[in-house]
Amino acid sequence: MRFRKYMVILILVGIFLCGLGTGVGFVEFSELEYQGTVVLGEEDTAEKTLVWELGKENYQNLNLRVMEATEGIEVVEDRKVPKDEIQLVVTYNQSFGEPVLDEMQVYEEQNGVKTEKRGLIHLWFAEDGAAEKGIRLFMQSRDQFLNELKEKKFSSYEINRIYRVKVLVNPVNRGKLQNL
């Protein structure tokens, strides 16, 4: 009988301590102030112009696929761009590698009787040890993270590889670009 009383008291003390710890944790968490998003490695940005030659192919539609562009894709008509090419101005984080244009896939799609010639331009990122570089970049920023916690502040952290893509195209070919 005494053993049961001690066990009940022990369980009640445990529940009280759990509630107390939850309350203290909630008070500490509610005092934190959110500072927004911090982009790590933003100082290593570079800009590269990639050229895609259309060649003699007469495409009715061209699709551009970008693996990741945090600030989006902007299409600009420019008469200085030759009619047989599309230029992609890519702003990227050079500490992770280089942007690469992949081979264009050409296929024909049957739309009733008419056959459309379509192409696909794939912009992706050639990563060389990106996971290791991302961890190293975050560890270099740990002092910033710990200082924020001491000041009762916190931020969310991002590592971006490609920031934005500007597509320069001759006005003659603008109608061919799809999904932009």
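A residue is called buried when its relative accessible area is under 20%, exposed when it is over 50%, and partly exposed in between, with a 1.4 Å probe and protein chains only. The structure above is a predicted model, in which local features need pLDDT of at least 70 and side-chain atom pairs count only at pLDDT 80 or more, while totals for chains, interfaces and linings use all residues. Residues are numbered from 1 along each chain as its sequence is written, and side-chain values use heavy atoms, with hydrogens and water left out.

**Stop one: strand E5**

Begin by selecting residues 85-93, which make up strand E5; helices (H or I, at least four residues) and strands (E, at least two) are DSSP runs, numbered from the N terminus. Nine of the nine residues of E5 are buried, so this strand is largely enclosed by the rest of the structure. In a regular strand the side chains alternate between the two faces of the sheet. If you show the side chains of E5, you will find Glu85, Gln87, Val89, Thr91 and Asn93 pointing one way, whereas Ile86, Leu88, Val90 and Tyr92 point the other way.

Which strands pair with E5? Select residues 45-53 to see strand E2, which runs antiparallel to E5 and is joined to it by nine bridges, and then residues 162-169 to see strand E10, which pairs with E5 in the antiparallel sense over six bridges. Two strands are said to pair if DSSP finds at least two bridges between them.

**Stop two: Gln87**

Stay in strand E5 and select Gln87, which counts as buried because its relative accessibility is 17%. Its side chain is joined to that of Glu85 by a polar contact of 3.0 Å, where a polar contact is a pair of N or O atoms within 3.5 Å; within protein, one must be able to donate a hydrogen and the other to accept it, and residues adjacent in sequence count only if both atoms are side-chain atoms. Leaving aside residues up to four places away in sequence, Gln87 touches Thr49, Leu50, Val51, Val81, Pro82, Lys166, Val167 and Leu168, where contact means heavy atoms within 4.5 Å.

**Stop three: the salt bridges**

How many salt bridges does the structure hold? There are three, a salt bridge being a side-chain nitrogen of Lys or Arg within 4 Å of a carboxyl oxygen of Asp or Glu. Select Glu28 and Lys152, whose side chains meet in a salt bridge (3.0 Å, N to O). Glu28 lies in helix H1 and Lys152 in the loop between helix H3 and strand E9, so the pair ties together parts that are 124 residues apart in sequence.

Glu31 is partly exposed, with a relative accessible area of 42%. Through shared partners, salt bridges join Glu28, Glu31 and Lys152 into one network. Glu28 is partly exposed at 40% relative accessibility, and Lys152 is partly exposed at 33%.

Finally, select Lys153 and Glu151, whose side chains meet in a salt bridge (3.8 Å, N to O).
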